[in-house]
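Thanks for coming. I have one structure to go through today, and I will keep it brief.

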Amino acid sequence: MDVHKFDSHEEIERIAVVGSGTMGFGIALTYARYGRTVRLVDADPEALAEGMRSIETSLQTLADTDQIDEAEIDEITSRIEPVDELTEAVADADLVTEAVTEDMDVKRAVFEEIDAAAPATALLTTNTSGLSITEIAEAVSNPERFAGTHWFNPAHITPLVEVIKGEATADETADVLVELLDAVEKTPVRVEKDVLGFIGNRIQMAMIYEAFSLLDAGVASAEDIDRAVKAGFGFRLPSMGIFEKVDQSGIDVQYAIEEYLMPELDRGTDPNPVVTRLVEQGDLGLKTGKGVYDWSDDSPSEIYDERDRQLLEQLRMFES
Ligand code: NAD
């Protein structure tokens, strides 16, 4: 099989997005915004309808914040077709992006179906947050055409998409995906080795794990831990990243801190006790009205809308 089917990202015109939950709708919106024809499919008809509603609301927010013209809303929406059957959604796709439940067995079963119904030349990608790309790719017959494209929530706003190569992924596959993501104004980053969690979630999860540990030990309140992150290193991160910051502080300073601090950090291998307790209580965060914070008086859609508007402001600065 020739892996050079797509010499240019421009040849990737028809995109199927499988799973229209939190991530799928934003991925579909982005591809349609930049001229691609998209079919969006979900096993649950209500989730598909909700995904289409989220696309409408998000396009309105993009128009309200001058990211797109009001007139573009209908044009973009018309390029997204909700479809009930997976086989129909992927039948003539150049690219299939999967964004279903984060479960290896579910993903492999979905890719077996996709593999049977999509053109043999289609590129196949998973939005897994950190499962093995190589292992998911075992479900398809052309793993050289398979890769991870890991978008960050909210997918239609956050710039980064990690492009992860599995063991069998061809360089050409990763190359054309990077080109495509550049063309839809994302910031693609190549992940050359298939490690669980990739770059973003390995670093993010190390930070969150330590934050729960500090909370559990009573070092500070949740509000103050969040305040410290937002006002401190979080404030600097978008402009400096990690290594620019370390170089500017001095590697000798980094070494001195690592020497005394590393033994102190939480290097547990189980989920944190606070997280475990909240899960057992059914306190799953905003969606259940309570997690670390009490959200019972808040409307999730209003919170998400406010979040999106703030992030769009930040995006303007990030892009300037
Ligand atoms: P979600 O639960 O909001 O949506 C998943 C959707 O997949 C649901 O609507 C469900 O009905 C559908 N689905 C399940 N099985 C299916 C099948 N066999 N065929 C078609 N549709 C099916 O989940 P999400 O948060 O959008 O996450 C999707 C993927 O993206 C996961 O792999 C997740 O780890 C990853 N991800 C999530 C986030 C996030 O912040 N939520 C960020 C980055 C990556």
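This is a predicted model: local features need pLDDT of at least 70, side-chain atom pairs count only at pLDDT 80 or more; totals for chains, interfaces and linings use all residues.

The ligand first. There are 21 residues around the ligand, and those that come nearest are Met-23, Asp-42, Glu-102, Lys-107 and Ser-129. By class, the shell is made up of eight nonpolar, nine polar and four charged residues.

Which residues have an N or O atom close to a ligand oxygen? In the side chain of Asp-42, an N or O atom sits 2.6 Å from an oxygen atom of the ligand. Ser-129 also uses its side chain, with a polar atom 2.6 Å from a ligand oxygen. For Val-100 the atom belongs to the backbone: an N or O there is 3.3 Å from an oxygen atom of the ligand.

How much of the ligand's accessible area does the protein cover? On its own the ligand has 830 Å², and the protein covers 74% of that. Two elements give two or more residues to the shell, namely helix 5, residues 104-117, and strand 6, residues 146-151.

Now the helix pairs. Two packed helices are described by the angle between their axes and the distance between those axes.

Take helix 9, residues 222-231, and helix 10, residues 233-240. Their axes come within 3 Å and cross at roughly 30°. An angle under 35 degrees counts as roughly parallel, so helix 9 and helix 10 are roughly parallel to each other. On the helix 9 side the contact is made by Ala-228, Val-229, Lys-230 and Ala-231, and on the helix 10 side by Phe-233, Gly-234 and Phe-235. Five of these contact residues are nonpolar, one is polar and one is charged.

The other pair is helix 8, residues 200-216, and helix 13, residues 273-281. Here the axes come within 8 Å and cross at roughly 85°, so helix 8 and helix 13 are roughly perpendicular. Phe-212, Leu-215 and Asp-216 of helix 8 meet Pro-273, Val-274 and Val-275 of helix 13. That contact has five nonpolar residues, no polar ones and one charged.

Last, the backbone. Most residues other than glycine have a negative phi, and most peptide bonds are trans. Where are the exceptions I want to show? The peptide bond joining Asn-153 and Pro-154 is cis, with omega about -5°. Pro-154 lies in the loop between strand 6 and strand 7, the latter being residues 160-165. Asp-66 has a positive phi, near 60°. Asp-66 is in the loop between helix 2, residues 45-64, and helix 3, residues 72-78.

That is what I have.

Definitions and conventions: Residues are numbered from 1 along each chain as its sequence is written. Side-chain values use heavy atoms; hydrogens and water are left out. A residue is near a molecule or strand if one of its heavy atoms lies within 4 Å of it. A polar contact is a pair of N or O atoms within 3.5 Å; within protein, one must be able to donate a hydrogen and the other to accept it, and residues adjacent in sequence count only if both atoms are side-chain atoms. Accessible areas come from the Shrake-Rupley method with a 1.4 Å probe; for residues, only the protein chains shown count as cover. Helices (H or I, at least four residues) and strands (E, at least two) are DSSP runs, numbered from the N terminus. Ala, Val, Leu, Ile, Met, Phe, Trp, Tyr, Cys and Pro count as nonpolar, Asp, Glu, Lys and Arg as charged, and the others, Gly among them, as polar. Axes are lines fitted to C-alpha atoms, for helices over the stretch in contact, and angles run from 0 to 180 degrees between N-to-C directions. Angles under 35 degrees count as roughly parallel, over 145 as roughly antiparallel, 65 to 115 as roughly perpendicular and the rest as oblique. Contact means heavy atoms within 4.5 Å.
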